[in-house]
Amino acid sequence: MKENQPPQLLVCLSNSASNRQTLRLAADLAAGRQAKLSGIYISQSSTLVNDPGLLANFRLAEDLGMKITILYGTDRVHLLSEYAKQKKITTLIYERGYLKG
């Protein structure tokens, strides 16, 4: 990472109630590190998302200033690693069990 580039944090979104705490902690961490923070959600289908918990977490992430990216596929680890490389993410934040999908 170049010295003049701020850290890039990426937080994974889910429909769990505990994801709200993860989003808030990520926002606090980003503020403390003067980092850019964005969110990502990986969906296994291309149908519209209508899960109330997930939509609430999307709204919270946006309220916290995150730009959210939605990717589609079943291999979360591969999708996250490729996205992180492409966007030069320095820190990935996710909940326990997220990568098991």
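Helices (H or I, at least four residues) and strands (E, at least two) are DSSP runs, numbered from the N terminus. The model is predicted, so to speak of local features takes pLDDT of at least 70, and side-chain atom pairs count only at pLDDT 80 or more, while totals for chains, interfaces and linings use all residues. Residues are numbered from 1 along each chain as its sequence is written, and side-chain values use heavy atoms, with hydrogens and water left out.

Start with Asn-19. It sits in helix H1. Buried or exposed? Asn-19 has 0% relative accessibility, so it counts as buried; the cut-offs are under 20% relative accessible area for buried, over 50% for exposed, partly exposed in between (1.4 Å probe, protein chains only). Beyond neighbours within four places in sequence, Asn-19 is in contact (heavy atoms within 4.5 Å) with Cys-12, Leu-13, Ser-14, Asn-57 and Glu-95.

Now the rest of H1. Thr-22, Leu-23, Ala-26, Ala-27 and Ala-30 are buried along with Asn-19. Viewed down the axis of H1, the buried residues fall within an arc of 135 degrees, so they line one face. That arc is taken from the directions from the helix axis to the C-beta atoms. On the other side, Gln-21, Leu-25, Asp-28, Ala-31 and Gly-32 are exposed. What do the buried residues of H1 pack against? Strands S1, S2 and S4, and helix H2.

Last, the sheet. Four strands make an open, parallel sheet, ordered S3-S2-S1-S4. Strands pair if DSSP finds at least two bridges between them. S2 and S3 have six.
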